[in-house]
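Please open the model in your viewer and keep the sequence panel beside it. The stops below each begin with a selection.

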Amino acid sequence: MHPCKEAMKVSDGSLLGDPGSTPLSKKQGVKWQRPRLTRQALMRCCLVKWILSSAAPQGSDSSDSEVELSMVRHQPEGLEQLQAQTKFTKKELQSLYRGFKNECPSGLVDEDTFKLIYAQFFPQGDATTYAHFLFNAFDADRNGAICFEDFVVGLSVLLRGTVQEKLKWAFNLYDINKDGYITKEEMLAIMKSIYDMMGRHTYPLLREDAPLEHVERFFQKMDRNQDGVVTMDEFLETCQKDQNIMTSMQLFENVI
């Protein structure tokens with residue numbers, strides 16, 4: 001099975017968590033705990049798989065990365081500060097940084113790189129539009145480039161964040177023009193980009209009008225005051241209360 005498709009079965013690789021199912025390794029009723037993100041679990045995420053495939057061999061001197069972190073052209077913040085900002089360990093950050101440095105010597109990732117990554121992992125569809133939207137969600141200051149800090153902070157939320165943190169990140173993805181509201185057109189654009197990327201060979205086979213049906217159903221529930229837009233509060237409240245929406249949005253687990 002494709003590594004990214006395996007991700008939808010791994011709770012610490014999901015975008016929104018899955019309250020409807022519990023991994024075999026966890027018992028029912030156990031409160032959410034920070035999972036141990038092993039290299040194997042990391043490699044189920046497309047972006048991390050891309051980065052770690054370029055990381056130096058595990059036997060290399062990990063202290064080198066700490067020194068290099070303070071020497072690159074676009075200097076990321078120190079390891080301790082990144083540890084405080086994320087839920088990654090020092091070793092995990094060093095591995096991520098080694099791969100990031102190898103793939104992006106300038107210390108920055110651009111949108112074209114995102115498009116290449118997702119074209120590689122989803123060759124059966126057209127990932128261009130989704131990669132564009134995802135890049136913009138990571139590009140917090142909207143300057144057309146993502147530095148190492150922004151990259152790992154975003155990954156930390158997606159891989160290890162609480163349900164609330166992941167939902168806020170998802171809202172930011174849907175809010176294409178970043179005006180603080182989600183319109184039906186924005187939600188449809190994101191959904192359609194995901195369906196386009198998944199391609200025509202998904203199982204079960206998706207109908208042409210599936211994205212629109214998804215959006216109509218979501219929007220009807222989320223737009224509480226029927227003003228034509230969904231606010232952050234409406235989004236968070238509806239998603240956390242509606243089991244069907246949370247389950248349906250697991251489509252994201254397959255595409256991070």
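Select α9 and α10, whose crossing is left-handed (the near helix is turned anticlockwise from the far one by less than a right angle). This is a predicted model, in which local features need pLDDT of at least 70 and side-chain atom pairs count only at pLDDT 80 or more, while totals for chains, interfaces and linings use all residues. Residues are numbered from 1 along each chain as its sequence is written, and side-chain values use heavy atoms, with hydrogens and water left out.

The axes of α9 (residues 148-160) and α10 (residues 163-174) come within 8 Å and cross at roughly 125°; axes are lines fitted to C-alpha atoms, for helices over the stretch in contact, with angles from 0 to 180 degrees between N-to-C directions. Helices here are DSSP runs of H or I with at least four residues, and strands are runs of E with at least two, numbered from the N terminus.

Now show the side chains at the contact (heavy atoms within 4.5 Å), where G154, V157, L158 and L159 of α9 meet E165, K166 and W169 of α10.

Next, select R142, in the loop between α8 (128-138) and β2 (146-147); R142 is not a glycine, yet its phi is positive, near 55°.

Finally, move to Q226, in the loop between α12 (210-222) and β4 (229-231), which has a positive phi of about 55° although it is not a glycine. Q226 is exposed, with a relative accessible area of 59% (exposed means over 50%, buried under 20% and partly exposed in between, with a 1.4 Å probe and protein chains only).
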